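Reader: Please take me through the salt bridges here. Keep it short.

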Amino acid sequence: MSTMTAAGSLVPLRRKRVFSVAAVVGVALALAWFVGVRLTQGAGVTAERAARVERGAQLVTLLRHTAQDRVRMGAQVLAQDTRLQAAAGMAELDKATAADLLEDLQKLDQQELFALLSAEGRVIAARGAPQMEGLDLASSAVVKTALAQDGAATGVWMVDDRVVEIAVSAIRVGERRAGLLVVGVRVADAALATAAAAAGVHLALFLEGRPVWTSSPQPPTTWRTEPTSSVEVSDAARYLVAAGTPPADSFELFAWAVPLVALLFAALGFWRGGGQ
């Protein structure tokens with residue numbers, strides 16, 4: 001009788017051990033699967049975010065190049081306007097006459113900024129950036145380039161904390177350079193925001209180290225902690241492109257569900273094993 005009792009008592013003990021071992025093995029396998037999936041998925045997410053940042057930077061650069069091409073062509077064509085050449089050839093061109101000419105040119109080309117400079121680089125009149133009037137831009141790199149070449153030179157002006165792509169073309173009277181015409185277009189906030197949304201990134205314009213515009217409200221840490229790319233505009237200005245955190249997809253949720261289910265079954269296994 002004692003032998004049968006001892007043998008019978010081994011059955012629940014063995015069953016308890018089987019449940020316990022199965023539970024431990026199941027949890028271990030689930031955790032190993034979870035770690036492997038997370039590592040693989042993490043590498044994929046990192047690569048995907050880097051690709052989005054690169055795509056965003058490319059779209060910003062494309063917007064800038066498109067604007068530069070527009071103003072370059074406009075400046076080269078309008079610099080040959082006979083009224084403009086006649087006015088630039090005057091010994092003394094007053095601001096009012098220059099402003100009237102720029103207004104007429106703006107009606108022809110529909111760009112946001114027009115400026116007329118003397119042959120020495122002084123701004124006589126500026127439509128769309130009145131704060132530039134009277135400035136001496138003789139030392140400006142884009143003005144020097146325009147004076148040294150036949151075609152229009154491109155550059156950047158910062159107007160009201162926004163990037164204005166400009167082209168500067170020499171106004172010739174015969175063989176003499178009588179003045180300079182500046183044509184500019186702002187890279188629109190709406191176009192930049194659309195580009196950011198298309199690439200799935202956050203975009204900001206930084207001026208002298210501070211953000212003056214962002215495509216969407218972001219905490220300052222975004223530009224320090226997220227993967228970023230920089231599109232340089234000038235010594236003082238640049239666009240920063242940052243990858244946002246992608247939303248959790250169904251596979252990621254599944255990756256979390258597997259170990260949780262395994263833990264649930266492990267708890268059940270220990271309970272069943274202990275309850276025999």
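Author: First, a definition: buried means under 20% relative accessible area, exposed over 50%, and partly exposed in between (1.4 Å probe, protein chains only). This is a predicted model: local features need pLDDT of at least 70, side-chain atom pairs count only at pLDDT 80 or more, and totals for chains, interfaces and linings use all residues. Residues are numbered from 1 along each chain as its sequence is written, and side-chain values use heavy atoms, with hydrogens and water left out.

Reader: How many salt bridges does the count come to?

Author: A salt bridge needs a side-chain nitrogen of Lys or Arg within 4 Å of a carboxyl oxygen of Asp or Glu. By this rule, the count is 10.

Reader: Is Asp189 buried, partly exposed or exposed?

Author: Asp189 forms a salt bridge with Arg162, with the closest N and O atoms 3.0 Å apart. Asp189 lies in helix 5 (residues 189-199) and Arg162 in strand 4, so the pair ties together parts 27 residues apart in sequence. Helices (H or I, at least four residues) and strands (E, at least two) are DSSP runs, numbered from the N terminus. Asp189 has 27% relative accessibility, so it counts as partly exposed.

Reader: And Arg162: buried or exposed?

Author: Take its relative accessibility. At 15%, Arg162 counts as buried.

Reader: Which residue meets Glu48 in a salt bridge?

Author: Glu48 is partly exposed, at 36% relative accessibility. The N to O distance is 2.8 Å, and the partner is Arg52.
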